[in-house]
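Me: I would like to learn how to read salt bridges and sheets in a model. Can we work through one together?

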Amino acid sequence: MTDDTEAPAAPAAQGEDEPTAWPQDVGSVARRLEAVLLILDEPHSVVSLAAAVSAPVPAVRKAIAALVADYDGETGGPRRGFELREVGGGWRLYVRDDYDRLITEFLGTQQPSRLSQAALETLAVIAYKQPVTRGQVASIRAVNVDSVVRTLVGRALITEVGHDPETGAILYGTTAALLEKLGINSLDELPHISPLLDDGSTGFDEGIR
């Protein structure tokens, strides 16, 4: 006669089929994310965050959505003075725009020095024309831009992206750091340039945004 009683399972060998070190429910993943986000000084992708908190990417996406809703006051709690925002292809905590003046006053002289007008104009040309050489930027601005380009490279706002196939000159483009500074996700979010120019084309090739 066959005995249908199941024998107790043998204990797993040490290191085999061990339970996941961290629970993967949304609340637990969200709390781990908060701990990591608090120390980030630049945006990190979902994949990077998932690796940091030892959780699957789908679970991290759900946790991010939960945190965004919580900070925005959509879950019954207060709207926080900070927000979780996606910028430059990654996520990071930011002070809400409503409190920019408060933070500026608090930081006072600790604020980093602003870019000069020449640097801002050069940066704008590179942002809209990239990839572009120093010579092409100089032609548009009608001034030498060597020192300004060096400043922008030093600030990590632009970087070398290749060489011109005809002249061999270095081509420059903007960086993810610039997207972060501007608070946008991609260059497609830059305003159209035509309405900002006197005749809609001065200084830029026809067809530029």
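Reply: Start with the rule. A salt bridge is a side-chain nitrogen of Lys or Arg within 4 Å of a carboxyl oxygen of Asp or Glu. This is a predicted model. By that rule, the count comes to 9 salt bridges.

Me: Which side chain meets glutamate 83 in a salt bridge?

Reply: Arginine 96 does, at 3.5 Å from N to O. Glutamate 83 lies in strand S1 and arginine 96 in the loop between strand S2 and helix H4, so the pair ties together parts 13 residues apart in sequence. Are they buried or exposed? Both glutamate 83 and arginine 96 are buried.

Me: Which parts of the chain does the pair of arginine 92 and glutamate 180 link?

Reply: Their side chains meet at 2.6 Å, N to O, in a salt bridge. Arginine 92 is in strand S2 and glutamate 180 in helix H8, 88 residues apart. Buried means under 20% relative accessible area. Glutamate 180 has 17% relative accessibility, so it counts as buried.

Me: Now the sheet. How do I read strand order?

Reply: Strands of a sheet pair through backbone hydrogen bonds, either parallel or antiparallel. Here an open sheet of 3 strands runs in the order S3-S5-S4, with antiparallel pairing. Strands S3 and S4 stand at the edges with a single partner strand each, so one side of each lacks a neighbour in the sheet. S3 and S5 pair over 2 bridges. Valine 132 stands opposite tyrosine 172 in S5.

Me: Which helix packs on the sheet?

Reply: Helix H5, residues 117–129, touches S3, S4 and S5. Its direction makes about 95° with that of S5. Among the buried residues of H5 are Leu123, Ile126 and Tyr128.

Conventions. Residues numbered from 1 in each chain as written. Predicted model: local features only at pLDDT ≥ 70, side-chain atom pairs only at ≥ 80, totals over all residues. Heavy atoms only, no water. Pairing = 2+ DSSP bridges. Helix = DSSP H or I, 4+ residues; strand = E, 2+ residues; numbered from the N terminus. Contact = heavy atoms within 4.5 Å. Axes fitted to C-alpha atoms, helices over the stretch in contact; angles between N-to-C directions. Buried < 20%, exposed > 50% of the residue type's maximum accessible area, 1.4 Å probe, protein only.
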